[in-house]
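User: Please take me through how the parts of this model pack together. Keep it brisk.

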Amino acid sequence: MTILLVILVLGAFFCLYRVLRGPSISDRVIAVDIVAVIFSSITALMALQYKLAYLLDISIALAVISFVATLALSKYLQGRSLDD
Amino acid sequence: MARKLAYWIAGMAIWLLMTWTVEYQSVIAGAVLSFIAALIFGKYLPLDPGKLLNPRRWFWLLIFMPVFAYQCFKANLDVALRVLAPGLRLNPGIVRIKTSLKSEIARTFLANSITLTPGTMTVEIKDDVLYIHWIDVKTDDSELAAKIIKGPFEKLLARIFD
Amino acid sequence: MIDSLGWVFIIGGVVFNMLGCLGLVRFPDLYNRMQAATKSVTLGTCGILFGIFLLSGFSALGIKALVCILFVLINLPVASHALSRGSLIFGIKMWHKTVKDDFSKDRGEKPAIEEDE
């Protein structure tokens, strides 16, 4: 179990490389979105390990709200207002 | 009206699944909350509620899910090979294909299915034209490309949603 | 039997997540990176959640994992679709070995492809 969590965190570090390095702003934002999804799976694994069902609520919330930032950025890139 | 009712039932079902109790306090809270949500957002439900009662559509949805899971798994093996191969075996491009699906929700599902299947990602939907970013452009012909990219999905989705 | 199947799903999911992150680092331009990352991370996370469902059965934990699969399946495809469209219209260029660009052609602009070095 611990080794799986370590591998996932290592993957999140690879994404952080893209966040720091990425040539355009879209690279950074999609990398942040992917970090959020990976943390949602880490939370789900911890819920399995400690048998705590409410940790999965956090996982669902991360999966739902992490792409709002991405959608807002894509609207901005197309030059439209946010309530369009 | 029927839309709001369908929205209420769906919201209630998700509430019951997520709380996973049948205590009367929790059930009443869920009913009230999903009723308020249905009043506000019910008119945006993109489905025609009459179609929800047709059992044949549910049957095809059941067929659709394993086909989708298999294609998705194949897509991932393909991407994994490309990631691990030395050098970059890429030949990307954006191609234009046409779809015969009519309703908005069927097109949305087609776009999402295309995004999750081998080497393709939907960039834009404009009426019945889809622009696809393809990681390995095999052909210049639009008809043939449409056949390769859409695979089995279009027929199944036409049976489910149209 | 079902337990070991659940562990197979979880380990496969972790491996696919890792491959998605590697693709995010290795691929040459934004659109290819999105392809790799979107597909692998979606399937990896869904695999982990489905494994949790198999391991814990019809309890609060398992059912919540199934609901979570539903949301993850919507999240990344929609995000990558919106972001790739926005980036193309904004003018972020594609890799120099890209072969064709019908989208910019139909909008009446030059293909959004990098000059060869």
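Analyst: An axis is a line fitted to C-alpha atoms, for helices over the stretch in contact, and angles run from 0 to 180 degrees between N-to-C directions. The model is predicted: local features need pLDDT of at least 70, side-chain atom pairs count only at pLDDT 80 or more, and totals for chains, interfaces and linings use all residues. Residues are numbered from 1 along each chain as its sequence is written, while chains are lettered from A and ligands numbered from 1 in the order in which they are written.

User: At what angle do the axes of H3(A) and H3(C) cross?

Analyst: Helices (DSSP runs of H or I, at least four residues) and strands (E, at least two) are numbered from the N terminus. H3(A) covers residues 54–65, and H3(C) covers residues 60–90. Their axes come within 9 Å of each other. The crossing angle is roughly 10°.

User: Parallel or antiparallel: how do H3(A) and H3(C) run?

Analyst: The scale is roughly parallel under 35 degrees, roughly antiparallel over 145, roughly perpendicular from 65 to 115, and oblique for the rest. H3(A) and H3(C) are therefore roughly parallel.

User: Which residues of H3(A) make this contact?

Analyst: Contact means that C-beta atoms, placed from the backbone, lie within 7 Å. From H3(C) come C:Leu61, C:Lys64, C:Ala65, C:Val67, C:Cys68, C:Phe71, C:Val72 and C:Asn75. H3(A) answers with A:Leu56, A:Ser59, A:Ile60, A:Ala63 and A:Val64.

User: How many residues of this contact are nonpolar?

Analyst: Ala, Val, Leu, Ile, Met, Phe, Trp, Tyr, Cys and Pro count as nonpolar, Asp, Glu, Lys and Arg as charged, and the others, Gly among them, as polar. In the contact of H3(A) with H3(C), two residues are polar and one is charged. The nonpolar count is ten.

User: Which helix gives the largest share of the side of chain A that touches chain C?

Analyst: Here 38 residues of chain A meet 39 residues of chain C. H1 (2–21), H2 (25–50), H3 and H4 (68–77) of chain A each supply at least two residues of that side. The side divides into 25 nonpolar, ten polar and three charged residues. The largest share, 15 residues, comes from H2(A).

User: How far apart are the axes of H1(A) and H2(A)?

Analyst: These two helices pack at about 170°, so H1(A) and H2(A) are roughly antiparallel. Among the residues in contact are A:Leu8 and A:Val19 of H1(A), and A:Ile38 and A:Leu45 of H2(A). By class, the contact has 14 nonpolar, two polar and three charged residues. The axes lie 8 Å apart.

User: Which helix gives the most to the side of chain B that touches chain C?

Analyst: 32 residues of chain B are in contact with 36 of chain C. H1, H3 (55–84), E1, H4, E2 and E3 of chain B each supply at least two residues of the chain B side. That side holds 22 nonpolar, eight polar and two charged residues. With seven residues, the top contributor is H3(B).

User: How close do the C-alpha atoms of chain A and chain B come?

Analyst: Two pairs of chains touch, and the most contacts are between chains A and C. No contact joins chain A and chain B. Their closest C-alpha atoms lie apart by 8 Å.

User: What is the strand order of the sheet in chain B?

Analyst: The sheet is open, with three strands in antiparallel pairing (at least two DSSP bridges between two strands). E1(B) (93–98) and E2(B) (120–126) each have a single partner strand, so they stand at the edges. The twist averages 25° from one strand to the next. The order is E1-E3-E2.

User: Which residue is the bridge partner of B:Ile125?

Analyst: E2(B) pairs with E3(B) (residues 129–134) over six bridges, in the antiparallel sense. B:Ile125 has its partner in E3(B). That partner is B:Leu130.

User: Which helix of chain C lies across E2 and E3 of chain B?

Analyst: This helix runs at about 70° to E2(B). The helix is H3(C).
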